[in-house]
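Me: I've got a model open on my screen and would like to go through it with you. Could you take my questions one at a time?

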Amino acid sequence: MTIGQWSDSIPGNGTFFVGIDIAPGRYLCTEAKGGWWVRYPGPGGGEPVASWPLPEGGIEIEIAATDVAFETHTGSDWKRVGGIAKHTDDEAPEPRPVADPALRAELDAVAARGVLPGWLVPTSMLMLGLIGSTMLGAFWLLALGMLAVMFTFGTRSLAPDIRRIRELERNRDRYHTLDDFDAEGRAMLARAQAALDAVRDSRVNREGLLDAADNAVMLPRQEWEIAQVLVRQSKLRADHAQMSASATFPEVEAALRPLREKLDLSVQSVARRVEALERYAERARAADEALAAHRRLEEIAAKAHEYDELVADTVRDDLAIPAIDRLTEQSEALITTLRERLTQAAEAADQLPPAS
């Protein structure tokens with residue numbers, strides 16, 4: 001699930017990690033009859049909470065910020081009806097959590113291991129039931145058959161997600177929620193994400209006029225690397241503030257000064273990296289404007305023959321020629337502008353520090 005700012009909806013089918021794929025809050029599903037959902041609380045939060053089968057009518061759930069994941073199988077999407085407030089135009093945007101781009105694929109790979117074939121569990125249990133029924137009667141066979149179906153459903157539906165969640169808890173250092181950043185770190189992360197989203201959502205990128213394939217790999221990696229540095233800076237700023245508050249001797253203050261200078265150098269470095277992303281985003285926006293003008297001119301040119309016919313029917317041919325020439329010159333000028341701005345965008349991308 002790709003998110004710019006957090007989406008106000010959750011697809012009806014799938015497993016989504018809170019703070020990575022979806023935001024916490026209260027959600028409503030209007031067509032959930034016969035479906036089911038599972039909430040996976042975080043460490044210390046207890047066992048998964050599930051509801052199945054869901055009744056007819058609207059269903060509301062509360063996804064807590066401490067939940068790890070939410071699994072859903074319903075006939076329609078979930079719409080957020082309460083929770084984290086979105087920013088207004090006058091407020092700074094709230095950044096989203098960030099995860100290692102390779103993490104989700106690795107979690108899915110872990111979840112896929114060890115899944116028993118669907119026929120194996122019920123077949124084995126039913127064979128056991130046939131043996132047991134000779135001693136305990138037909139009721140034993142019926143009860144064991146129902147148990148086999150329930151066990152198969154649980155094993156194939158819930159076990160992979162439980163493995164994902166356990167693996168996610170073991171890889172806590174590979175994703176960061178907003179609690180991992182201080183105010184300065186959040187502000188810098190929000191700037192980086194706004195620039196990344198501007199490039200990713202630009203028309204020239206979507207239509208492949210920029211290197212969309214490279215951006216698909218490079219932009220998430222840039223976001224993750226910036227987030228990692230900002231988390232470390234946030235922690236060191238808190239440590240430095242605590243040590244400074246208790247620094248009552250000049251010698252202690254002198255020892256803290258070079259540490260602060262090194263922290264400031266790191267802040268300046270990541271700021272330059274974010275500024276490079278912002279330049280890339282600005283070039284992409286400029287290329288979008290040139291592309292929009294070019295497409296508009298193409299629409300006009302497509303209708304030019306109608307005007308040519310009108311001019312040919314009403315005035316001498318030599319009056320029509322300058323108008324056609326002017327239209328051709330405008331088209332060539334806009335094409336040249338578009339090419340220049342695409343080149344500038346590519347140069348801005350080349351100036352970004354390489355993602356490891």
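**Salt bridges, a cavity and a helix**

Me: Which residue does arginine 26 meet in a salt bridge?
Reply: Quick caveat: this is a predicted model, where local features need pLDDT of at least 70, side-chain atom pairs count only at pLDDT 80 or more, and totals for chains, interfaces and linings use all residues. Residues are numbered from 1 along each chain as its sequence is written, and side-chain values use heavy atoms, with hydrogens and water left out. A salt bridge here is a side-chain nitrogen of Lys or Arg within 4 Å of a carboxyl oxygen of Asp or Glu. At 3.2 Å, N to O, the partner of arginine 26 is glutamate 60.

Me: How many residues apart are arginine 26 and glutamate 60?
Reply: Helices (H or I, at least four residues) and strands (E, at least two) are DSSP runs, numbered from the N terminus. Arginine 26 sits in strand S3 (residues 25-29) and glutamate 60 in strand S6 (residues 59-63), so the pair links distant parts of the chain, by the DSSP runs. The separation is 34 residues.

Me: Is arginine 26 buried, partly exposed or exposed?
Reply: Buried means under 20% relative accessible area, exposed over 50%, and partly exposed in between (1.4 Å probe, protein chains only). Arginine 26 has 34% relative accessibility, so the call is partly exposed.

Me: How many salt bridges does a search of the whole structure find?
Reply: Side chains of opposite charge can pair when their charged atoms come close. The search covers the whole structure, and its count is 19.

Me: Which helix holds both arginine 200 and aspartate 197?
Reply: These two form a salt bridge, with the closest N and O atoms 2.8 Å apart. Arginine 200 is partly exposed at 23%, whereas aspartate 197 is buried at 12%. They lie three residues apart, about one turn of the helix, in H5 (residues 183-201).

Me: Which residues are joined into one network with Arg295?
Reply: Arginine 295 and glutamate 207 meet in a salt bridge of 2.9 Å, N to O. The pair spans 88 residues, from helix H8 (residues 250-314) to the loop between helix H6 (203-206) and helix H7 (212-245). Salt bridges that share partners join Arg295 with Arg203, Glu207 and Glu298.

Me: Which elements give two or more residues to the lining of the largest cavity?
Reply: On a 1 Å grid over the protein atoms alone, a cavity is a set of points where a 1.4 Å probe fits but cannot get out, and lining residues have an atom within 4 Å of a point. Points are joined across faces, edges and corners, and the volume is the space filled by probe spheres set on them; the largest cavity has about 30 Å³. Its lining includes Glu184, Leu230 and Val267. The elements are H5, H7 and H8.

Me: How far apart are the end C-alpha atoms of residues 267-297?
Reply: UniProt, in an unreviewed entry, lists this stretch as "coiled-coil region". In the model it is 100% helix and 0% strand. The end C-alpha atoms are separated by 45 Å.

Notes. 1 Å grid on protein atoms, 1.4 Å probe; cavity = no way out; pocket = protein on both sides within 12 Å on 5 of 7 lines; lining within 4 Å. UniProt positions renumbered as here; feature names shortened; annotations may be inferred.
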